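My notes follow the structure.

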Amino acid sequence: QQQQQQQPVVMQQHVFLGRNYNDELTPSLIVFVLGWFICIVWLAGFKFIKSRNMAAKWLGIGSIIMFFLTLIGVVIAIAVTVAAAAAAANAINSAGTYRSTSTVTVSASSLAGTSKFISSNTAYVSISTSGRWQSGLFPSDTTANGYTSGGQCGASCQRSASYRLRLVARCGSGSWTDIGSSGTMYCSGSTLYLVANDASGNYGLNSGSITVSIAEYS
């Protein structure tokens with residue numbers, strides 16, 4: 001008999017290269033941490049929501065939740081800001097009704113300054129100025145803002161903490177208020193006093209005047 005040649009049997013081993021879910025923990029953690037600094041990174045959490053690694057899966061879900069919570073917070077913050085701005089604009093527009101404007105002149109050499117009676121129908125006044133005046137203690141003139149580089153006027157001035165030759169005002173017997181080139185103050189049914197802020201002994205050294213427009217609002 002002819003001996004049949006025996007063929008070798010080759011065993012084939014099939015290797016399945018699947019997804020290694022254990023390697024997803026670190027990137028999911030990185031996504032979750034980086035999202036606190038750049039919130040859009042949290043969207044990468046969608047990549048891990050089907051992971052078989054439970055830690056990676058929950059980090060992915062947590063990233064997505066944090067992204068949408070942050071998005072909602074931003075939308076609410078914008079809405080609140082816009083509403084507040086609109087309310088402020090409405091408050092300004094409805095704060096008062098314009099009544100009238102009068103013009104007076106305030107001399108730098110007058111200790112008494114200038115006064116104007118404000119009607120009881122007025123709630124507040126808006127003051128604007130033009131012109132220049134000069135103190136004999138300074139080599140140049142200035143606006144109603146006064147000599148801002150010269151320091152505080154001192155205790156003998158109407159408003160000691162303000163600048164020399166700065167326009168100041170008071171309503172009735174109230175305290176002196178800084179006005180400068182422009183300003184707003186409450187005054188109703190009383191006399192508005194306007195004066196160049198200076199020491200009482202220096203008014204004779206001053207020259208020039210400021211034109212002051214007083215707009216009244218109810």
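I started with C153 and C157, which are joined by a disulfide with an S to S distance of 1.9 Å. I kept in mind that this is a predicted model.

Next I asked: which hand does the disulfide of C153 and C157 have? The torsion about their S-S bond is about -65°, so I noted this disulfide as left-handed.

Then I looked up accessibility, with buried meaning under 20% relative accessible area. C153 comes out at 7%, so I put it down as buried. For C157 I also wrote 7%, and C157 is therefore buried.

On to C171 and C187. Their sulfur atoms sit 2.1 Å apart, and I logged the pair as a disulfide. The angle about the S-S bond is 75° here, and the link of C171 and C187 is right-handed. I traced where the two ends sit: C171 belongs to strand 4 (residues 167-171), while C187 lies in the loop between strand 6 (182-186) and strand 7 (190-196). The two cysteines are 16 residues apart, and the pair links distant parts of the chain.

Is C187 buried or exposed? Its relative accessible area is 2%, so I have C187 as buried.

With a relative accessible area of 34%, C39 goes into my notes as partly exposed.

Last, the tally. I count two disulfides. Numbering the bonded cysteines of the protein chain in sequence order, I get the pairing 1-2, 3-4.

Notes. Residues numbered from 1 in each chain as written. Predicted model: local features only at pLDDT ≥ 70, side-chain atom pairs only at ≥ 80, totals over all residues. Heavy atoms only, no water. Disulfide = S-S within 2.5 Å. Buried < 20%, exposed > 50% of the residue type's maximum accessible area, 1.4 Å probe, protein only. Helix = DSSP H or I, 4+ residues; strand = E, 2+ residues; numbered from the N terminus.
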